[in-house]
Amino acid sequence: MDAQTRAPRREIFGWAMFDFANQAYTLLIITVVFGDLFTRVIVGDGPDYRLGNFLWSLALAVSYGLVVVANPVCGAVMDYTRSRKRFLFASYLVTVVATGLLYFVEPGWITIAMVLIIVSNFAYAIGEGFISSFLPDLGPREALGWISGLGWSLGYIGGLVATAFTLAFLGEVTAENYDTIRWVGPFAAVFFLIAAIPTFLWVRERGDARVVPEGWSLTRLGINRLLATGRMVNEFRDLRWLLVSIFFSMAGIYIIVSFSFIYGSQVIGWDEATRTLMFITVQITAAIGALLFGWLQGHWGARRTYLITLWLWVVAILAIWQTPNMTLLLERLAGLSFEAQEVFLVAGVLAGLSLGSAQSAGRALVGVLTPTGKAAEFFGFWGTASKLAAIVGILGLGLIQWALGLADAILFCLVLFVLAMVTVLPVNEGRGQDVAENWRESESG
């Protein structure tokens with residue numbers, strides 16, 4: 001496809017539907033339901049749940065560690081063999097099967113639960129990189145912000161639909177309701193299975209596949225291509241700085257995704273109604289943020305848009321940390337009685353806008369700076385930076401909260417987002433785009 005031609009609408013929609021489908025996994029299993037179920041029921045070391053929180057962070061960190069190792073190699077192989085859809089389909093099937101098997105976990109089956117989370121989250125997380133590698137094929141570089149924003153926005157709508165159904169029909173996350181709430185695994189699996197079908201029907205695999213050299217394994221091929229790219233890495237210094245920034249920002253985002261509902265339960269002490277309202281609030285504002293900032297990226301530029309989203313995150317983290325003090329301040333100023341869980345919803349609005357916009361802007365900026373013929377490989381680097389960030393962020397928070405408690409450990413996120421802002425400052429979007437557009441992969445790869 002010519003670099004200035006936008007893909008057919010059906011193909012863009014099919015690509016975005018994978019974001020719609022996989023949000024059932026990340027929200028139901030990682031954020032809203034199963035993470036809470038794991039810490040409070042399967043491990044159940046109340047009242048502070050520090051062991052449960054740590055084991056949850058450990059399982060996620062291990063799964064992301066596997067992605068760090070596998071993602072760049074898989075990306076290099078996919079670029080050479082033009083097999084992105086096959087790799088994506090394999091990751092999708094593994095996610096569906098492992099998620100469905102969570103139904104059989106019983107309270108106290110900690111090891112089995114951790115193994116299934118490691119397998120399912122590895123497959124889900126590596127699939128994020130696989131689907132994102134199709135983004136540069138879908139339109140001119142100035143349109144990638146809007147297309148990426150469409151995917152994230154549909155993702156949050158998909159998560160809203162899936163989780164609203166779960167909360168309405170499966171009930172509360174309690175030991176007493178375990179026989180019903182355990183169906184969250186099969187439901188998330190079936191939702192992902194069905195909703196991702198348009199992706200595999202309509203998204204195209206572009207380019208001509210090349211034959212793997214005789215006597216070479218796919219692993220050797222992937223490593224060899226990575227080494228070749230490494231020798232040219234100085235040409236892509238803007239992309240390098242961006243990946244460092246994404247490392248810090250995604251470390252903070254993965255903490256929020258993995259611990260926000262645990263934080264609401266353990267620190268804020270919200271009730272079930274507020275928990276549900278928070279979920280709806282975050283999903284709607286995240287969808288709005290992804291679309292709005294995707295549109296703004298076409299007018300303001302990718303780097304500036306990404307920087308603004310990082311500032312939003314700083315404000316959101318401060319609001320989360322200061323929720324109890326904000327509650328007292330509002331009571332003094334307004335002369336009315338407020339509960340912390342009500343004020344926490346304000347932090348949820350800020351976090352939602354930040355969540356959708358930051359992830360969309362970061363992904364689109366990678367697409368802008370990615371050279372032709374290296375999409376899967378460079379989005380493999382993006383996936384590696386993101387998942388390495390998840391390990392550092394989640395495991396770091398798990399250890400800090402073990403020592404200090406979850407309430408103050410959230411400040412770790414503030415440090416991460418400030419570092420993300422500092423490290424993106426050297427990025428020159430125009431220079432990086434020129435390098436990406438002028439660079440062409442040789443026939444020998």
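Analyst: Buried means under 20% relative accessible area, exposed over 50%, and partly exposed in between, with a 1.4 Å probe and protein chains only. By that rule cysteine 74 counts as buried because its relative accessibility is 17%, and cysteine 413 counts as buried at 0%. The model is predicted, so local features need pLDDT of at least 70 and side-chain atom pairs count only at pLDDT 80 or more, while totals for chains, interfaces and linings use all residues. Residues are numbered from 1 along each chain as its sequence is written, and side-chain values use heavy atoms, with hydrogens and water left out.

A disulfide is a pair of cysteine sulfur atoms within 2.5 Å; a search of the whole structure finds zero of them.

Next, the core. A nonpolar core is a set of buried Ala, Val, Leu, Ile, Met, Phe, Trp, Tyr and Cys residues joined through side-chain atoms within 4.5 Å. The largest one holds 141 residues, and Trp15, Phe34, Phe38, Leu242 and Trp313 touch the most other members. Helix H11 (residues 237–268) gives this core its largest share, 18 residues. Helices are DSSP runs (H or I, at least four residues) and are numbered from the N terminus. Contact means heavy atoms within 4.5 Å. Residues up to four places away in sequence aside, phenylalanine 34 touches Leu28, Ile29, Ile42, Trp56, Leu102, Ile117 and Val184.

Trp313 is also among the buried residues of H13, as are Tyr306, Leu310 and Ile317. H13 (residues 302–321) has 20 residues and reaches 29 Å from first C-alpha to last, close to the 28 Å expected; the expected span is 1.5 Å times one less than the number of residues.

Now the rings. Rings of Phe, Tyr and Trp (its six-membered ring) pair if their centres lie within 6.5 Å; planes under 30 degrees apart count as stacked, over 60 as edge-to-face and the rest as tilted. The whole structure has 21 aromatic pairs. In one of them, phenylalanine 247 and phenylalanine 248 are edge-to-face because their planes are at 70 degrees, with centres 5.2 Å apart. Phenylalanine 247 is buried at 19%, and phenylalanine 248 is buried at 17%. Ring pairs also link Phe18, Phe89, Tyr92, Phe192 and Phe200 into a cluster.

A charge sits over a ring if NZ of Lys or CZ of Arg is within 6 Å of the ring centre and within 35 degrees of the ring normal. Arginine 84 sits over phenylalanine 134, 4.3 Å from the ring centre, and arginine 182 lies over tyrosine 103 at 4.8 Å.

Conventions
Helix = DSSP H or I, 4+ residues; strand = E, 2+ residues; numbered from the N terminus.
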